[in-house]
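Subject: Structure for you to look through

Dear colleague,

I am passing on the structure that we spoke about, and I would be glad if you kept it open while you read. My notes on what was found follow directly below it.

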Amino acid sequence: MAHTAIPVIVDTGAAPPAAVAAPLVLEHPHTSTGLDSRKLLMWAFLASDCMFFGTLIATYLVYKNRSPEGPLPRETFDVPYTSVSAFVLLLSSLTMVLALAAIQRGEERRMRVWLSATALLGCVFLGGQFYEFTTFYHEGLTLSRNLFGSSFFTLTGFHGTHVFIGVFWLLSLVAHSFRGRLHQEHSLFVEIAGLYWHFVDIVWILIFTLVYLIPD
Amino acid sequence: MATEHDLAHDHAEPELEHAHPGAKTYTIVGVILAVITLAEVFFYTQESVRAILVPLLLVLSATKFVLVVGFYMHLRFDHPLFTGVFGFGLMVAGSIITALMFLFGQYPLPHRG
Amino acid sequence: MAVVSAPVSRAGGMVVAPPILAEPAYRGLWSWLTTVDHKRIGILYGVSAGTFFVFGGLEALVIRLQLWTPNSTLVSAQMFNALFTMHATTMIFLAIMPLGAAFFNFIIPLQIGARDVAFPRLNAFSYWAFILGGIMLNISFLLGGAPDAGWFGYANLTTRTYSPGPGIDFWMLGLQILGVASIAAALNFFVTILNMRAPGMGFMRMPIFCWMSLITMILILLAFPSITVGLILLMFDRFFDTNFYSVPHAGDPILWQHLFWVFGHPEVYILILPAMGIISEIIPVFSRKPLFGYAVMVYSGIAIAFLAFGVWAHHMFAVGLGAIADAVFASSTMLIAVPTGVKIFNWIGTMFRGSVSFKTPMLYAVGFISMFIIGGVTGIMHASPPADLIQHDTYFIVAHIHYVLIGGSIMALLAGVHYWFPKMSGRMMNETLGQWQFWTFFIFFNVTFMPMHWTGLLGMPRRVYTYGPDLGVTELNQLSTIGALGLGISVLLFVINLFASLRYGEIAPDDPWDGATLEWSIPSPPPIFNFARIPTVHSRDGWWAMKHPERMHLDPIEVTPLAGGPGHATERAHEVIATAGPDATPPVIHMPSPSYWPLLSALGLAMMASGLLMADAFGPITIPIFAILGVLLLVGSIYGWSFEAP
């Protein structure tokens with residue numbers, strides 16, 4: 001039994017921060033499916049988030065028309081106002097995908113513009129939500145008022161929190177780009193942020209219809 | 001190994017290296033989304049369609065959903081595994097919502113006696 | 001990056017690396033706090049889960065002692081409620097699931113031929129969140145009272161009106177944190193199993209344990225959000241005065257039950273599928289025969305993934321959902337028994353005409369089959385709503401639960417420990433002690449839980465701290481208590497075997513059982529990098545195929561050579577490495593660096609929750625303060641994590 005040593009260089013341990021913080025994104029990553037693990041992670045997360053919003057929406061729908069006292073949806077909602085919110089979020093999905101298209105072409109400045117526009121539209125949406133919620137509050141609809149208040153604010157509140165996190169994420173990407181660290185080969189990170197952002201948009205598509213539009 | 005780029009595309013932009021949908025396609029989709037939203041709000045206000053309003057709204061919003069997921073989230077052009085993963089989650093969520101609505105009597109069911 | 005040269009010596013032709021603990025960078029407490037190595041994280045899960053298992057067992061023993069005699073006052077009714085709540089919560093969330101996670105962590109990368117999981121830091125985060133959640137749950141005993149509304153926490157008993165104390169808050173928030181840990185781990189292993197398999201390992205060549213784990217991950221991803229939402233609604237009811245479960249405001253406590261069981265039923269498959277995966281690995285190896293009907297095992301697992309979400313209301317047959325709902329769920333429940341039960345035939349078929357060796361892992365595996373059949377049969381009995389109306393909330397259900405969870409999950413996990421202990425530690429467990437321990441476990445387990453079938457049908461209700469002497473269940477209860485004490489002794493024997501073997505156990509070869517899967521092709525314990533060179537897999541039971549191609553009825557196959565060219569079919573795998581020339585370039589293996597961000601992120605999460613827990617004692621101001629501090633720590637850590645060098 002030979003005992004010659006085969007040196008295997010194990011590369012580990014604390015390392016000084018690399019010049020480029022974000023690792024290179026390969027065209028064809030060496031994975032069993034050929035798909036990038038981080039993108040797959042985001043899709044799996046979104047599948048899980050479907051269940052999260054699914055159960056929140058189910059709670060709202062299950063409690064529809066069960067509040068013993070007002071304010072009730074019909075008299076509270078301002079559908080034209082909320083439809084503007086819906087437009088804003090849909091528009092933000094467009095700007096998001098334009099940002100992705102830009103970075104995939106290597107147009108970093110244009111990407112920053114579209115990402116910032118997306119974040120801005122997200123803030124407009126949040127601002128609209130805030131205004132809407134305070135209006136409802138002044139009309140007497142609170143979290144604890146009735147089932148409608150509880151389920152409505154919880155559902156839209158968690159959606160809004162998702163939007164807020166998204167805005168934060170997008171602005172972080174913009175800042176990263178300003179620091180010269182987000183290049184064409186890193187477009188996957190914009191793509192993944194985009195997936196999250198679009199998901200938040202499609203949840204709003206569902207909420208808008210199921211909560212605001214479908215009659216009692 | 002299937003990659004994200006080797007499925008059929010439409011609207012290939014000549015100036016792009018990859019046959020992704022381009023800015024033009026995305027904008028067209030955006031316009032369609034806006035139009036559908038307008039339609040939803042319009043139908044919502046119309047007494048004449050009240051009887052079929054719920055299925056109509058569901059179809060319209062489902063269309064928006066599919067457009068965003070298919071084009072903006074690129075599922076239409078990506079590897080089917082992504083569609084499978086997301087689709088399964090969506091299917092389970094949809095089934096639970098439906099089941100809970102039935103269980104809580106939020107659908108009109110025929111009563112016996 | 002710092003490059004550390006790790007000279008690797010060969011013994012018996014196999015590439016052997018010094019054990020992990022000998023590496024200077026891998027010693028000491030800090031190395032454990034910052035580890036991202038799946039093997040270490042697996043050990044952390046295992047030790048933690050084992051400790052919680054002991055807690056849960058002690059809680060059970062007190063329960064059994066209280067039930068020794070009618071009208072006993074050993075513990076108060078209140079304490080009894082806390083005991084059965086914590087016993088179940090601990091066993092399910094802090095023992096069985098993390099023991100499964102220990103195996104996911106240690107074994108899956110080895111079985112698929114990977115160097116680590118897809119997201120090593122996320123993996124570490126899952127562990128730290130788990131341990132913090134477990135601490136949060138258990139610290140309730142010391143900080144105002146343990147939760148006492150059952151592990152399933154039915155509303156509206158859990159609302160502020162009926163449970164004013166902090167116990168339920170600990171339970172609720174502890175479970176939320178555990179939920180985050182579980183979802184993060186599920187995402188990680190889902191991607192790992194899909195994306196990090198060795199070349200040539202198609203889905204139908206994957207070890208069956210990996211398949212069962214993959215399905216478990218899918219179940220976790222889709223089931224946990226339901227309980228997350230249910231708990232959020234409860235949290236809002238308790239802290240923000242919402243009305244979700246509040247009857248005076250038209251809230252419906254049944255909503256909680258639905259949301260809980262939409263999670264709860266897939267949860268039981270989450271508890272049993274990894275166990276079935278372990279058994280499916282052990283039986284072929286100890287029968288020296290490939291798994292019978294591998295494809296059926298896979299498809300039935302997939303069927304379970306679909307059906308698991310369609311049966312939940314069989315836990316609610318006594319609620320009064322109506323005939324239609326009862327019938328639908330009874331049908332779906334009976335249907336899911338098919339893919340679950342089919343596996344039994346696969347295991348028996350594997351053993352049939354095999355060369356069976358009854359070492360301790362195999363004893364546990366056969367014990368699993370027999371006990372799971374019993375538990376499964378009573379499960380089918382519950383599937384009938386009229387029958388269930390008699391059985392519900394009696395000890396008959398307790399019997400079922402423990403036959404599937406102890407006779408099933410725990411036995412499989414113990415089998416897994418015995419089976420993989422040599423790989424994880426480099427030593428063999430004591431076989432004699434193992435046999436004694438198995439038989440004491442098996443016998444006392446049955447002594448404890450078999451009588452409960454009768455106890456239940458005689459009408460003894462669950463979750464009641466005592467019973468009357470005229471119920472006629474006294475002797476049966478005493479039998480169960482004796483059994484429980486014996487079970488405790490058996491567990492003690494197991495712990496003794498574990499520690500003694502770690503110290504004094506016989507040094508294990510790399511492949512003590514002539515295993516079928518890739519983890520047996522590397523040293524025991526594995527080097528940090530697992531595989532010196534990632535193998536190419538040519539068939540199912542890849543390692544058997546490389547060792548004994550003729551016995552697998554396979555054509556002689558190429559083994560993975562060191563230098564990259566075609567190897568010789570007759571060479572044994574490890575000899576190929578030995579014949580590499582002196583000028584062959586040694587491979588450079590990049591391993592992920594340790595990191596403290598996962599731990600800090602988990603602390604941030606726990607901090608956010610702790611504000612709610614302190615509100616009772618220090619006023620509601622703690623809620624926003626700690627929420628903000630926690631968010632800052634969490635977000636800051638995520639940033640640190642994102643910008644850390646790979």
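Asp514(C) has a relative accessibility of 17%, and because buried means under 20%, this residue counts as buried. Please keep in mind throughout that this is a predicted model. The phi of Asp514(C) is near 55 degrees, a positive value in a residue other than glycine, and the residue is placed in the loop between helix 14 and helix 15 of chain C. That loop also holds Pro525(C), which is joined to Ser524(C) by a cis peptide bond with an omega of about -10 degrees.

Arg463(C) likewise is not a glycine and has a positive phi, of about 60 degrees, but its place is the loop between helix 13 and helix 14 of chain C. Is Arg463(C) buried or partly exposed? With a relative accessibility of 27%, Arg463(C) counts as partly exposed.

Helix 13 of chain C deserves a slow look. Its 27 residues, 431-457, should span 39 Å at 1.5 Å a residue, and the C-alpha atoms at its ends are 39 Å apart, which agrees with that expectation. At the N-terminal end, helix 13 of chain C is capped by Asn430(C), whose side chain places an oxygen 3.0 Å from the backbone nitrogen of Thr432(C). Further along, helix 13 of chain C has a kink of about 25 degrees at Val447(C), shortly before the proline Pro451(C). Just after this helix comes Gly459(C), which takes a positive phi of about 105 degrees.

Aromatic rings come next. How many aromatic pairs does a search of the whole structure find? Over all chains, the search finds 72. One of them is formed by Phe77(A) and Phe152(A), a tilted pair with 5.5 Å from centre to centre and 50 degrees between the planes. This pair links distant parts of the chain, 75 residues apart, since Phe77(A) is in the loop between helix 2 and helix 3 of chain A whereas Phe152(A) is in helix 5 of chain A. Phe77(A) is buried at a relative accessible area of 9%, and Phe152(A) is buried too, at 1%.

Another pair crosses between chains, from Phe199(A) in helix 6 of chain A to Phe86(B) in helix 3 of chain B. Why is it described as edge-to-face? The ring centres of Phe199(A) and Phe86(B) are 6.2 Å apart and the planes stand at 85 degrees, and planes over 60 degrees apart count as edge-to-face, so the pair falls into that class. Both of these residues are buried. Within chain A, ring pairs also link a cluster of residues, among them Tyr60(A), Phe77(A), Phe152(A), Trp204(A) and Tyr212(A).

Gly70(A) and Pro71(A) are joined by a cis peptide bond with an omega of about -5 degrees, and Pro71(A) is found in the loop between helix 1 and helix 2 of chain A. Chain B has three helices and zero strands, and 43% of its 113 residues are buried.

Definitions and conventions
Residues numbered from 1 in each chain as written. Chains lettered and ligands numbered in written order. Predicted model: local features only at pLDDT ≥ 70, side-chain atom pairs only at ≥ 80, totals over all residues. Heavy atoms only, no water. Helix = DSSP H or I, 4+ residues; strand = E, 2+ residues; numbered from the N terminus. Expected span 1.5 Å × (residues − 1). Bend = angle between axes of the 7 residues up to and from the residue. Polar contact = N/O pair within 3.5 Å; in protein donor to acceptor, adjacent residues only side chain to side chain. Phe/Tyr/Trp six-rings, centres within 6.5 Å; stacked < 30°, edge-to-face > 60°. Buried < 20%, exposed > 50% of the residue type's maximum accessible area, 1.4 Å probe, protein only.
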